[in-house]
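Colleague: Before I use this description, I would like to know what the terms in it rest on. Could we go through them one by one?

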Amino acid sequence: MKTTDKTEHTPAGAAGARTKPKVAFFDFASCEGCQLQITNLGETLLDVLGAVDVVEFREAISEKYDGVYDVAIVEGSIGDSHAEERLKKIRERSKVLIAYGACACTGGVNGMKNGFQLDEIRQYVYGKDYKLFDSTPTRPVHEVVKVDYFVNGCPIYPPELIEVLKHALRGLPYTVPDNPVCAECKLNENVCMYERGVACLGPWTKAGCNSWCVNNGNICYGCRGEVKNPARNAAADVISKYNLKPELIAKKFEMYNKCKEGAK
Amino acid sequence: MAATKDLDIRVEYVTRVEGHGNIVANVKSGKVEKCEFHVVETPRLFEGMLRGRSVFEAQHITSRICGICSCGHSLASIAAAEDALGVKPTEQTIKLRKLLLDYEFLDSHVLHAFLLVAPDALGVPSFVPLVATHNAVVRQILRLKKAVNDCCDILVGRHTHPITAIVGGWTKLPRPRDVDEQIRILEGMAADLEPLLKLAKTLKLPDFERDTEYVALVSDDGEYPMLSGDIGSTDGKRVPRKDYRLTTNEFVDQRSSAKFTKWNRDSLFVGALARFNLNHDKLLPEAKAYAKEIGLKPVCRNPFMNTMAQVVEIIHCYHHALAILKDLKRNGVDLSQEITVGLNEKGAVPVRAGNGVGSVEVPRGILHHNYETDKDGLIKHANCIIPTNQNVNNIEHDFAKFLPEILGETKDAIRLKLEMLVRAYDPCISCSAHYLDVTFVE
């Protein structure tokens, strides 16, 4: 991910210790659940609000601001021309841009749209008037503008967002974990889902969520995106050892990682 | 003066609602030419994307339609999938689903009624200035939200996109200490809830009425229906959920190429006020007493009072959730009912071709999911009709009556009141599974 490749960061709060960094939240095609994760911080939210000056947060506040953002936090994927233009304008006005949530970072579930012929799927949902509603193939934010930090996950894991914010406000690079979810899952002493007879995407997916889903008895769906160097041979061994169909795994991957393949 | 007034209002991105919506109003010489509520959300095409996916995955995917109602979407999705597959959930599973729905209502209503609407009532643009002026109140609200979220963390792993609730049951069931902890958290909420309920009584909402058709789940038992039942209306109609399409009647208007919903009249209303109007008798005594105290009586035809109906439901759900938890504490949770996700992939769960409907009350109104599956349990067709979609037509009909009534006021006051009217419906536009730009020209 680009975050790890970056060599220099402008401290978002460098404008001066006297003024608080101006932070803005924006949403594109998404469920807005990642914004909600922020309001879910409870009273910690007030601590965050104390450290920064939130100038835009449409879901929660009405104030509008037209200056430069020290940090723009962007949720959602880009799936129409209006969104693309709006995102570019936000980037122009932002010193630092954070993409947060699976939709912004990998295209998320919105990427499944790219598995269909665009006009066909639009017509399926909107009928003969489908052309009234502009729709372009789903793209994650970094395919449209430069992204400085990524917070993966569907939804984001709140402790990681706080970590990334701390890094961004100090101008430090943040490294997205690039080991598989299994590393965290083992520490949590979960019984391996493969041992329970079901296919899980943990071995291929970036950690950083504290194996959230498996801790709760479910499988990993790959929402944080693929690790850079998945252990392909080991994966092939797992698939054959547990007598799984590779197509089944591939199909599961489409749920969050379809965008990587490009649009039809 | 109203008779000669010209007005041109454009509110881009109504704030403090979930999703993107614009208000456009035009008045010429005191006559309303246009007053529309536009939905400008990027189409996300969920129903299209579901095709070819396993019906067992539908909960995970459709949960992502909306971050705020993800538990509600999950429950409607599970109900539709189980209906299609012919799976009958156990009594314990249903009890825990009802508990989850109580949490969903509490979380959403607290956010909406207190954090998003209260600023209008107190005359400030958002809760941020309230941090300085009403700090204790803001802290009470945030603590309540956190408390409900902590309960969800225990029950479903997290509130946004629940993990443990799946087709057939639960991947993880609450242990005795988990039940105790939820009771402790809920009982602890009382101290913050009480002053907010008092404060809510002082909210001054615009005086406005319009007769419309209120639609919600109805049932024959004594419980306030949220998870199951038939679809009923204040016009005396009742149909089983498999006939949900009759009650939503999506249609295209020639003048505006827009999809509307209606049932027996020009428009319909879903949400807390509809539930209150239809099922007031079944509210728990504490909720009923509060409604009486604030003078909320069925049938109430003031859409602004939807917020107060939500406050009444906060009380109901709070006590309903506590009663379920105390029952679980008394009778224990049968942990042998924990199920493993994904076993259907190896044929452990029989699948069949089917067509299932799940109709569930979620905070903003009745939500329908409908899946048609093939013999392998793959989705052939999907349809999700969300509450806000059903309300947009009603919002525009309200505009048409409300705007002429307030034309004598300043442009700012009019704009604020139109925004408040939209917010009263607690619209959730990000649920753009099925969204069309809706226009209404008078």
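**Terms and the values behind them**

Modeller: In this predicted model, 50 residues of chain B are in contact with 54 residues of chain A.

Colleague: What makes a residue pair count as a contact?

Modeller: The C-beta atoms, placed from the backbone, must lie within 7 Å. On the side of chain B that touches chain A, helices H1 (46–50), H2 (58–63), H6 (127–133) and H7 (135–156) of chain B each supply at least two residues. H7(B) gives the largest share, 6 residues. By class, that side of chain B has 18 nonpolar, 18 polar and 14 charged residues.

Colleague: Why are H11(B) and H12(B) called roughly antiparallel?

Modeller: The axes of H11 (residues 285–293) and H12 (residues 306–331) of chain B come within 8 Å and cross at roughly 165 degrees. Angles over 145 degrees count as roughly antiparallel, and the pair is therefore described that way. The crossing of H11(B) and H12(B) is right-handed.

Colleague: Which residues of H11(B) and H12(B) meet?

Modeller: From H11(B) come Glu286(B), Ala287(B), Tyr290(B) and Ala291(B), which meet Val312(B), Ile315(B), His316(B) and His319(B) of H12(B). That contact has 5 nonpolar, 2 polar and 1 charged residues.

Colleague: How do you know whether Thr39(A) is buried or exposed?

Modeller: Thr39(A) has 20 other C-beta atoms within 10 Å. The cut-off for buried is 20 or more, so Thr39(A) is buried. Thr39(A) lies in helix H2 (residues 33–39) of chain A. From Thr39(A) to His142(A) there are 103 residues in sequence and 25 Å in space, C-alpha to C-alpha.

Terms used:
Residues numbered from 1 in each chain as written. Chains lettered and ligands numbered in written order. Predicted model: local features only at pLDDT ≥ 70, side-chain atom pairs only at ≥ 80, totals over all residues. Axes fitted to C-alpha atoms, helices over the stretch in contact; angles between N-to-C directions. Helix = DSSP H or I, 4+ residues; strand = E, 2+ residues; numbered from the N terminus. Parallel < 35°, antiparallel > 145°, perpendicular 65-115°, else oblique. Left-handed = near helix turned anticlockwise from the far one by under 90°. Contact = placed C-beta atoms within 7 Å. Nonpolar A, V, L, I, M, F, W, Y, C, P; charged D, E, K, R; others polar. Buried ≥ 20, exposed ≤ 12 C-beta atoms within 10 Å, placed from the backbone.
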